[in-house]
Amino acid sequence: MSTTRKHTALPKAQILIEALPWLTRHNGKTVVIKFGGNAMIDDDLKAAFAQDVVFLHHAGLKPVVVHGGGPQISAALDQAGIVSEFKAGLRVTTEDAMDVVRMVLAGQVQRELVGLLNQHGPLAVGLTGEDAHTITATKHQPEIDGELVDIGRVGEITAIDTGAIEALLADGRIPIVSSIARSQDDGHVYNVNADTAAAALAAALGAETLMVLTDVEGLYEDWPNSDEVISRLTASQLEKLLPDLSAGMVPKMEGCLHAVRGGVTTARVIDGRVQHSILLEIFTDEGIGTMVVADEKPDATAAATTDAQGESS
């Protein structure tokens with residue numbers, strides 16, 4: 001019987017040992033995770049996400065979660081009889097719609113996420129971009145057909161204050177941030193794209209990694225002709241691809257670009273439909289998404305040349 005126990009336990013030990021180099025590398029590092037897509041509306045995926053984030057915390061990393069809530073906002077607006085309208089890929093946000101957005105993000109999505117994480121201990125603390133001036137924004141007017149268009153309470157980030165988040169991290173907590181912000185110009189509250197907010201926070205916090213959960217496997221090489229995923233690319237390579245990307249991927253990939261150019265070591269787009277995708281990406285030999293890294297300097301040494309998981313090649 002003891003022999004059987006040894007055999008069944010061995011694979012578990014091997015899995016833990018495989019994670020050791022990454023545990024060592026990421027220990028004490030901040031990782032910002034954008035939570036969205038199907039992972040937000042599927043109960044099993046939500047539970048797995050909460051487990052992953054708590055695991056990162058106990059493994060010595062400092063996770064910060066940033067979330068939006070597109071599906072939940074659309075449902076609440078329908079219920080309130082407010083029509084959802086999009087221009088330039090952004091939700092037109094009237095004053096009435098902004099009240100709903102704020103209520104859903106801070107009062108529903110964030111609360112549920114905090115509750116899921118806190119099933120594992122007194123860890124998660126919810127805040128919005130309004131709290132302690134964490135995110136400050138100004139009114140964003142996209143350009144459509146050469147003209148600036150008013151789409152209401154949609155914000156463009158102008159400043160980040162990481163003080164409250166850093167205080168929570170220092171206290172061993174997991175900050176859960178809703179992507180709404182107050183404007184210094186007019187005092188109004190604005191709806192901010194969560195991908196953009198996560199990238200701005202990652203850069204301001206000097207995070208090791210930005211992870212963006214999506215409903216696709218990563219960035220495709222030649223969509224829709226091929227479903228081959230690009231596993232790794234540099235900031236310059238990504239910049240060239242941006243004009244040809246689908247509307248939904250643009251803010252995610254622009255966020256990745258902003259993050260790595262702002263000093264974040266790696267930015268990753270991963271498939272949130274896969275249970276425990278965060279752990280698979282951070283702690284295994286085989287990453288499952290697309291990783292963006294800064295451009296390599298011409299005089300970079302061999303030690304700075306890294307493969308898709310950050311070990312010397």
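**Close-up 1. Helix 3 crosses helix 4 in a right-handed way.** In this predicted model, helix 3 covers residues 70–79 and helix 4 covers residues 95–117. The two pack at an angle of about 130°, and their axes are 9 Å apart. Are they parallel or oblique to each other? Angles over 145 degrees would count as roughly antiparallel and 65 to 115 as roughly perpendicular, so helix 3 and helix 4 come out as oblique.

**Close-up 2. Here are the residues that join helix 3 to helix 4.** Helix 3 brings Q72, I73, A76 and L77 to the contact. From helix 4 come A97, V100, V101, V104, L105, Q108 and V109. Sort these contact residues by class and you get nine nonpolar, two polar and no charged ones.

**Close-up 3. The second largest cavity holds about 40 Å³ of space.** Which residues line it? Look for F35, M40, K46, Q72, V109, E112, L113 and L116.

**Close-up 4. The largest cavity has a volume of about 60 Å³.** The structure holds two cavities of 30 Å³ or more. Around the largest cavity sit A39, L45, A48, F49, D52, L213, G272, V274, Q275, H276, S277 and I278. Two elements give two or more residues to this lining: helix 2 (43–58) and helix 9 (277–283). Which one has the largest share? That would be helix 2, with four residues. By class, the lining of the largest cavity counts seven nonpolar residues, four polar and one charged.

**Close-up 5. Now for the largest pocket, with a volume of about 1200 Å³.** There are 44 residues lining this pocket, and the closest to its centre are G89, L90, N193, D195 and P251. Several elements give two or more residues to the lining. The strands among them are strand 1 (30–35), strand 4 (90–91), strand 9 (155–160) and strand 13 (209–214). The helices among them are helix 3 (70–79), helix 6 (194–205) and helix 8 (250–261). Which element gives the most? Helix 8 does, with six residues. Sorted by class, the pocket lining has 21 nonpolar, 16 polar and seven charged residues.

**Close-up 6. Helix 6 and helix 8 pack against each other at an angle of about 10°.** Their axes are 8 Å apart. Angles under 35 degrees count as roughly parallel, so that is the word for helix 6 and helix 8. On the helix 6 side, the contact uses D195, A199, A200 and A203. On the helix 8 side, the partners are P251, K252, G255, H258 and A259. By class, the residues of this contact divide into five nonpolar, two polar and two charged.

Conventions: Residues numbered from 1 in each chain as written. Predicted model: local features only at pLDDT ≥ 70, side-chain atom pairs only at ≥ 80, totals over all residues. Heavy atoms only, no water. 1 Å grid on protein atoms, 1.4 Å probe; cavity = no way out; pocket = protein on both sides within 12 Å on 5 of 7 lines; lining within 4 Å. Points joined across faces, edges and corners; volume = space filled by probe spheres on them. Nonpolar A, V, L, I, M, F, W, Y, C, P; charged D, E, K, R; others polar. Axes fitted to C-alpha atoms, helices over the stretch in contact; angles between N-to-C directions. Left-handed = near helix turned anticlockwise from the far one by under 90°. Contact = heavy atoms within 4.5 Å.
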